[in-house]
Every structure is written in C-alpha cells, then in structure tokens.
Amino acid sequence: MKPQCATERLYLEASTANGAVSLPLHTSITLYLLSYTECSSFHVHLVTDHPDVLQSLSGLVPEGLDVVVVVREELPDLVRLCRLPAALEPDAGFCRAGLAVVLRRIIQRTCQLTPGRRDVASLLGFKNTCLKACAEVSQWTRLCELEIPSAVEKHLQNPTDQTFLLPVAVLNLEKRLGETVKVHNDDKIRRQKLQKQKNSSQSDSQPNGPSTELGVQQKSHMVELDAALAKLSVDTVPSVSTRERSDIRKVKNTDLPELEHLFTEGLYFTLTDVVLLPCIHQYLISLQKHSPTTLSNLPLLLKWYERVLELPIVSRAAKDCGMALLSFGMADPCPPHPEPPRPIEAEQESPAVKQEPFIGGPRPTLTKLQENGIDAVFSPHPCPSWTLEWESLPVAVNPTEGKMSNARAVRKQQQINNLVTMVTEMARPGQTVVDFCSGGGHVGIVLAHTLPKCQVILIENKEESLVRARERSAQLGLMNIGFIQANLDYFTGKFNIGVALHACGVATDMVLDRCLQARAGFVVSPCCYGFIQNTLKFNFPKSMKFAETLSYKEHMILCRFADQTDVSLPLERRLIGKRCMGLVDLDRSWAAKTHGYSVKVMTMVPEGCSPKNNLLVGEPER
C-alpha cells in the first residue's frame, strides 16, 4: 500500500506565439520524465498568459496527470522568484527550481512512494550523482541542462536558415558519445566481455559455424547490453556468481577490451538520456525534413537514438507524450568516416589557452600594481564591538545546531555578527533579504529571527543543507522565511539586500552580479580565491583600471596567494595573503562602483574569526 502524503505542485511553462500554443523543451522533458516514472504525485500547473490553452495541448500532456492552467499573476511568491520549471512543497515554504533539480526531485519522489522502482532509482547513476553538480561548475550539466536545449530551440525557430551548421553543443555531444567508457567495477564487465569474445570465436570456428569478426563483435556487445538492462529491471535480480577462466583472470587490465558506449554517460541509461531524448528527437525531425544530408555527420547520435528507442519503457513514455519516434534504418545510416562540419564562427569555441607552469611569487605583481598607484585599502569597521546576545537567543538560532564543534561555532557566531550588523543597518521593514549559498542557514535563520518585519529567502543548491535549515526554522516557528533549492542563475526575483558568507570562488561574483541586476545592497564575505577563473559570464580582472594594469595570469597570481592566510602559515606569508585578498576584492568593488554603487572593503572583527575575513559592503547610490 502506498504511503499517504500531501501533493506537491509542479509549475511548467507553456508558450504562446501568434495564437499557437507550444511547450518549451524544459517542459517537454519534465512531462516525459513524469510519464517515464509513472509519477502522479504532483499537481501540474501549466503557466501561461492565456488561460484557455489546455485543450490545444491534447496529446502532448501524459494521461493520468492532474493538470491545470495558471496565469503568471497567480503564482505563489517563491515560484514567482524563480525561472521554471519549479516544484513547490505543500506548505509553500520550500521551492525547488531549475531543470536538473526538479527532475531529480521527481525521481526522488517516485522512489519514496514506490520503493520497488529500481529502474527509476538507477536513473540517478553511480552514487546518485547524475546531473547533481550545478551548471555553474560542471560542463556536463551545463551541456545537458542548458546548452543543448537552447541550441535546439534556436534551430527550431529558423530551421531553414541556409547558413545553418551543426551547433557546438550538438557536436560536443557527438564527441562525448565516442569517448572511452569508464564505469564502476568495469574490470569485471570487461573480463566478461573478453570471455564472451573468446567463447564466440571458438564456437564460430567449428565446422558448422564459420567465424566472422562481425558475429563475434555483436555477441560480445551483449555483455554491455545485459549489464545496462539489468539496471533498468524493476525487480532486483540476484546476480549469478561466475568465476572467469584462468586464462581470462591472467589478462592485464590494459589488454582487456574496451566497453561500448551505449548511452550518453557510457554504459547505463540515466537521467541524461531522459533529458536529451525530447531535445534530440525534435532536432532530428527538423534535420530529416529540412537538411537530411546533415544527419550523416552525426553517426553516434543516431546510433544512440535508435538504441534508446529499443527500450520498451522509453517508447511507452514517448507515445504518452505525443512523440512520434523516428527510424533511420541503422544498417548503414551514414558514411563510414564523415567529415564533421565546422561550427559557424559565432559558435566556435575559443581555442584553449596553454597554461604555463607558474614559477615565482606575487611580489612582481604587487610591485606592478603599486607602480600604478593601486594597493589594498580597507575601510574601518563601523561597529567593531557589536554582537548579538547569543545567550538570550533560542537554541535553534545558534550555529551549534548546525552540527559543528564548539570552537568552530564560536568563530561562526563572530562571522555572523559582522554580517548581521551590516544588514540591520541597511534593512527596512517590509524588505526582502536573500541569503545566497545559505548552506544550513546559519546566517539566514539569524536574520529571519532578528528582522521579523523583513522577508528572508535562503537559496542553496544542496538539498541536504537546505532541509536542515528548514528543520531549524520550524523549531523556531519562523513565519518570515522561505527556502529555494536552485542554482543562482535560476533565481530571478526582486530583493533589497543580498548576503553571502564565504561563497566559494566565482560564486561571490555571481552573488554580486545578482545584486547589481536587482539594484540591491550586498554584504558578502568571499572565500576560496584560488578557485576564481574566467567563466562564460565573468572575465578577470573585472574593473577597467585593474584590467589595464594586470593580465589574466597576473590576476590569477593574486587569487592563488590570497588563499594563503591560514593561521598555520608563517606571519609574513599570511600578511602577503591578506594583501592579495584585499586587491582581488578591491577589483570587485571598483567593478561594482561603475554600476552606481558605494562599496567598502573591510575586515571582519575579530580578525581571527576566519582566515577569509574580508567583507564587501555595497549599496546603490541614490
């Protein structure tokens, strides 16, 4: 008997253009997973500007789903702050936003309600890490979650463009499908494959069975397919323990046959295959109609597509979502060695810059900055002796509730003192304060308790941390706090003050960017300077004066030595590290000033509360 539980609401986009209704790829992918998992524990809300669209989507929405249409003005507060798709828990206080996060939630929910769905649980891959890393740090997640859907939708908008060439994202996926497969315990599977090859070779060499290389190859591939299909079995089937022959056991790992790349992540069918199928399906339909010769440049993608369609559960879910699957006749779908097309110039990836080994210290860079009149400047702390009355606060507010040692909890209290001081100076009743990269809610919970007339939103991409924060806030009975599990790019709402304690590397720059876009004040303590690097969104140095003085490599030298502030290091090295920290954050502050902000770089008190004790405080100038 299924456990009884309240129903979550799932918010998906429905587009309308020139009177026609369509579903964006992110919506189609989500609906496809709902059908694949046969999950009916969500109330699906299609968000549109036109309420009378449901009948137009007949055949595109799986049967059995509880679906309603909602206009944007009626969205709950937390959902309104995010890009869709989004899933909202029944109490409306915990929202999950973003494609990967929502899809993982659907799988998690299905496994909670029907624990026997081993085939669904296996979609999350080894150690449940499939698409878990956020797109800001994982190239693979970014490719699957953002780049391929975006490239396909861009193509579908103008499929007959004569200048069209295969997008870089699609070419990258084709390349990925040709890479060597590495999976957990692959040594065992590769030995089974070798044994199958030898058995097949001996069998086919008998008088009644002439040996053919193709026949041996096809039979050996059954080993990979058997291993993959075992993962998709609903019921757990105990494996039969078979000991390899002695000649197989003696073969070196380097001499074992490689595994065939069956699915996008290698050997097993995972969530990435579910994500990519609706995208690639629509893309291939368009190519077949408008540019059929282009298909010859995607042999591995076509092979993957046909293999995925052989899975009965895939075909059933596709039919449920109105996807008329294609057949390309894979006997000889394309030339044996097609010449891959070159991407158009605008889409070409920038050539990889060869990173020379670093030799030397930061002194030449520091000297160069000094000669140009640039040096670290720290503003005085406005309230060096201010502190929260921790002893009088409820127990659940204290960082010790976050499962840390007493010594670390004291330092965390001191860090929180600094941020709360600055925020309480800025905040006004009725305003919204966002705690970015909130973790277990050490800062956000204190702010919600200290500022009862303000709304506090905690944003974190690690579900476990955010769940702990919600549990602590529930103990306190806080009514002015909300929780969003999402990557920073999926948070698009308006707010007044942004806070981040020890946001790692470029996460600090992402927080600052969101604050500048929202014209919000910010109180940010950076961390992990050594992880700073150029990204799709940011280039370093950030300010014009720093960029005119330092190269990217020289700026990276500052970042590397800014991390050398630990108390275990010699004093002289720590002082250089602190100076480098100040320069990196000075560059950040000057970049913010060009957006009309007043910014101060200061040191938290006491200085020993953290090796990373810088604080950037900024407000938009009136």
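Strand 7, residues 94-97, has its side chains arranged on two sides: F94 and R96 point one way, while C95 and A97 point the other way. All four of these residues are buried. The model is a predicted one.

Strand 7 is paired with two other strands. One of these is strand 6, residues 86-88, which runs antiparallel to strand 7 and is joined to it by three bridges. Within this pairing, A87 has R96 of strand 7 as its bridge partner; R96 is also one of the residues that point the way F94 does. Strands 6 and 7 form a hairpin with five residues between the strands. In this hairpin, A92 adopts a positive phi near 65°.

The other pairing is with strand 10, residues 481-485, and here the sense is parallel, again over three bridges. F94, a buried residue of strand 7, stands opposite F483 in strand 10.

A separate topic is the packing of two helices. Helix 1 spans residues 25-37 and helix 12 spans residues 312-320. Their axes lie 9 Å apart, at an angle of about 125°. The crossing of helix 1 with helix 12 is right-handed.

On the helix 1 side, the contact is made by Y32, S35 and Y36. These meet I313, V314, R316, A317, A318 and D320 of helix 12. By class, this contact comprises six nonpolar residues, one polar residue and two charged residues.

Definitions and conventions
Residues are numbered from 1 along each chain as its sequence is written. This is a predicted model: local features need pLDDT of at least 70, side-chain atom pairs count only at pLDDT 80 or more; totals for chains, interfaces and linings use all residues. Side-chain values use heavy atoms; hydrogens and water are left out. Buried means under 20% relative accessible area, exposed over 50%, partly exposed in between (1.4 Å probe, protein chains only). Helices (H or I, at least four residues) and strands (E, at least two) are DSSP runs, numbered from the N terminus. Two strands pair if DSSP finds at least two bridges between them. Axes are lines fitted to C-alpha atoms, for helices over the stretch in contact, and angles run from 0 to 180 degrees between N-to-C directions. A crossing is left-handed if the near helix is turned anticlockwise from the far one by less than a right angle, and right-handed if clockwise. Contact means heavy atoms within 4.5 Å. Ala, Val, Leu, Ile, Met, Phe, Trp, Tyr, Cys and Pro count as nonpolar, Asp, Glu, Lys and Arg as charged, and the others, Gly among them, as polar.
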